[in-house]
Amino acid sequence: MGKRLEKSRLALVGQGLLIVAAAALLAGGAFRYFPPLAAVAGGAADRLQAVGRELQAEQYPHVSVVAITEATLARLPYRSPIDRGLLADILAAIRDAGARAVAFDILFDQPTEAEKDLRLIQAIKAFPAPVVAAWADARSGMTDAQTAWLTEFFAASGAQRGGAGLVVDGDGVVRRHRPFDAEASVRALPAAAADLSETAETADTSVAIIDWLGPTTDGKAAFQILPAHSLPLMAQRPAILKRWLEGRIVLIGAALPQTDRHLTALAADPGQPATTPGLLVHAHILAQMLDGRSIQTPGPMAFWAILGLAALIGVAIGFSGVALWLQGLGVLAVLAAWTGAAIHLAQSHATIAPLGQPTLAFGIAFALAASFYGYRQRRAKAFIRNAFSRYVAPQLVDALTADPDQLQLGGERRVMSFIFTDIAGFTAMSERLPPARLNALLNAYLDGMSRIVLEHGGTLDKFIGDAVVALFGAPVRQTDDAARAFACATALDRFAEAFQERHRADGLGVTRIGVHRGEATVGNFGGDMRFDYTAMGDAMNTAARLEGANKAFGTRIAFSEALAAGLGVGPEGAPDPGLRRIGGVILKGRSTALEVFTLPEGLDSAALAAYHRALELMDNDMPKARAAMATLQSSLPTDPLIALHAARIAAGETGSAFELKEK
């Protein structure tokens with residue numbers, strides 16, 4: 001059974017690992033292939049970024065934004081396309097400001113007024129710093145005519161192409177950017193503005209998380225934003241423009257309430273607007289590229305390791321077997337700890353750890369483990385109840401089902417009390433009685449004996465024909481096992497005597513009972529096909545030998561000194577008045593004497609005291625012992641123990657100890 005238990009534990013470990021793998025795969029796959037969950041993961045990452053984002057001491061110093069607003073359009077003869085004369089005037093205004101580069105987040109895909117188109121082309125061509133303009137292709141809905149005109153514009157102006165498209169996640173939120181569009185072989189607008197010298201062959205084609213800048217400590221926007229219509233006016237004060245724009249990359253584009261606005265991760269911050277103009281998205285990406293900043297996320301191996309660890313913790317809590325409220329506290333503690341760790345990483349290491357996937361992996365693993373563990377527990381309790389309910393007291397079955405750990409399936413050494421009973425002459429009687437009559441008589445007898453054992457909190461170990469074997473102190477430990485066994489044995493004796501009286505005509509013999517207390521190995525023994533909960537060892541055999549010794553003693557119950565000691569009765573010749581000492585008996589198969597007691601049936605207190613004095617004299621003064629025993633025999637001629645010792649004295653034996661020649 002020890003191997004069986006070890007296999008069960010190994011099986012539980014294996015099942016736990018399967019739950020871990022399943023939970024991790026389910027959580028990872030669900031967030032990847034189920035859009036609503038992917039949106040949840042993205043939203044959680046957005047909030048971590050918002051929590052970890054610091055306020056800036058000042059507006060970002062390397063990028064300025066020139067925004068075409070509604071106020072700008074109100075001053076123009078038409079809204080779209082953007083008046084290219086104004087754009088030419090803006091370039092002229094900042095021409096001498098020493099800007100590092102200029103990038104138009106404006107698509108020049110169709111002609112407008114020829115004179116203004118030419119002015120802008122010439123302004124770009126003559127601009128003393130690099131100029132980038134937005135590029136798009138058929139993927140954005142461009143027609144062949146638009147693409148042709150856009151290509152001609154770049155060729156004529158000498159502007160650099162910059163892809164203006166944004167990376168939009170499945171939930172419609174902009175969180176990431178791609179520095180290079182490999183399909184169009186064009187650098188993204190911010191990448192082109194940040195480093196025009198880098199070739200397309202060395203460009204980064206991967207997708208990275210945007211590291212959004214926060215506002216300043218005094219509440220200003222992250223970037224310097226200048227209204228487009230104010231730039232021509234500022235041309236009259238070039239010193240101010242130089243102070244504002246020198247060494248900066250200037251982004252020019254629309255910042256309108258209904259056009260080119262996007263849901264971004266910035267919206268996770270309550271202090272930010274719900275949508276952000278594409279122009280400002282490019283500004284954030286450009287600033288990140290200029291600074292070389294990056295948001296780290298766990299790689300594939302680390303990601304799956306996190307999910308596996310979360311699932312493993314969930315399994316550990318689910319398999320813990322502690323009270324449900326403690327498991328709930330454990331779940332809350334784990335979720336709080338991981339959330340706190342994720343916030344700490346976001347604040348101190350610019351790392352966005354996954355929140356949704358580990359939480360789901362943990363939840364799935366915990367739910368599966370707790371359900372599976374509960375099923376195992378219910379099955380184990382059902383097994384215990386079914387296995388023990390027929391031969392263990394109901395209160396003990398309840399204790400076992402409440403705490404199955406009390407049941408050592410592999411066997412263990414334990415001090416217990418044992419009762420062994422047998423009917424004298426049962427074999428001869430069984431040969432005389434008709435089978436139906438014998439069956440009814442034996443069933444009624446065993447039913448009554450069993451009921452008494454269970455009523456006293458005992459365990460029915462087995463029936464051996466008419467013999468009953470009972471344990472006290474297993475499978476549930478009992479501190480009063482000796483007292484229970486003693487009370488049970490006396491109750492069994494009363495029942496057996498009454499039963500024999502009712503069935504004397506059938507030839508039913510007397511029931512003999514042996515009771516002993518000692519250490520034995522108890523547990524389930526057997527093989528894979530069948531096993532039996534029982535006790536093994538010399539203590540068990542001693543109870544059986546005591547039962548048989550009653551025949552030689554002429555008694556019905558024999559208690560060992562160990563059982564008497566459990567009742568507070570000492571073996572040194574000073575038994576409790578409630579017990580009668582038989583003497584030191586060397587049982588068959590033993591080499592040392594065992595003090596044996598029985599009930600003082602038929603003796604009053606005076607006679608019992610005289611009997612015990614006679615036994616003491618047998619150990620110290622045989623002449624006096626002979627006289628004392630003779631006196632007792634004359635007054636109690638039918639007492640079997642007095643007759644036993646008188647016969648021993650007559651045979652020349654000395655001492656209260658003697659050896660039994662038969663079992």
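Student: Among the contacts in the protein chain with a separation of 6 or more, what percentage is accounted for by residues 24 or more positions apart?
Tutor: This is a predicted model, and in its protein chain residues 24 or more positions apart account for 74% of the contacts with a separation of 6 or more. The chain has 22 helices and 22 strands, and buried residues make up 47% of its 663 residues.

Student: Why does Thr 216 count as buried?
Tutor: Its relative accessibility is 3%, and buried means under 20%, so Thr 216 counts as buried. Thr 216 lies in the loop between strand 9 (208-209) and strand 10 (224-227), and, leaving aside its neighbours within four places in sequence, it is in contact with Leu 55, Gln 56, Glu 58, Gln 59 and Ala 221.

Student: What makes the pair of Thr 216 and Asp 218 a polar contact?
Tutor: Their side chains are joined at 2.3 Å, and a polar contact requires a pair of N or O atoms within 3.5 Å.

Student: Why are helix 4 and helix 5 called roughly parallel?
Tutor: Helix 4 (residues 84-94) and helix 5 (residues 114-126) pack at an angle of about 25°, with their axes 8 Å apart. Angles under 35 degrees count as roughly parallel, and therefore the two helices are described in that way. Their crossing is left-handed.

Student: Which residues of helix 22 are buried, and what covers them?
Tutor: In helix 22 (residues 640-650) the buried residues are Leu 641, Ile 642, Leu 644, His 645, Ala 646, Arg 648 and Ile 649. What covers them includes helix 18 (538-553), strand 20 (580-586), strand 21 (594-598), helix 20 (605-620), helix 21 (622-635) and strand 22 (658-659).

Student: What is found at the start of helix 22, and what follows this helix?
Tutor: At its start, a side-chain oxygen of Asp 639 reaches to within 3.2 Å of the backbone nitrogen of Leu 641. Helix 22 is followed by Gly 652, whose phi is positive, near 90°.

Note on methods
Residues are numbered from 1 along each chain as its sequence is written. This is a predicted model: local features need pLDDT of at least 70, side-chain atom pairs count only at pLDDT 80 or more; totals for chains, interfaces and linings use all residues. Side-chain values use heavy atoms; hydrogens and water are left out. Helices (H or I, at least four residues) and strands (E, at least two) are DSSP runs, numbered from the N terminus. Buried means under 20% relative accessible area, exposed over 50%, partly exposed in between (1.4 Å probe, protein chains only). A polar contact is a pair of N or O atoms within 3.5 Å; within protein, one must be able to donate a hydrogen and the other to accept it, and residues adjacent in sequence count only if both atoms are side-chain atoms. Contact means heavy atoms within 4.5 Å. Axes are lines fitted to C-alpha atoms, for helices over the stretch in contact, and angles run from 0 to 180 degrees between N-to-C directions. Angles under 35 degrees count as roughly parallel, over 145 as roughly antiparallel, 65 to 115 as roughly perpendicular and the rest as oblique. A crossing is left-handed if the near helix is turned anticlockwise from the far one by less than a right angle, and right-handed if clockwise.
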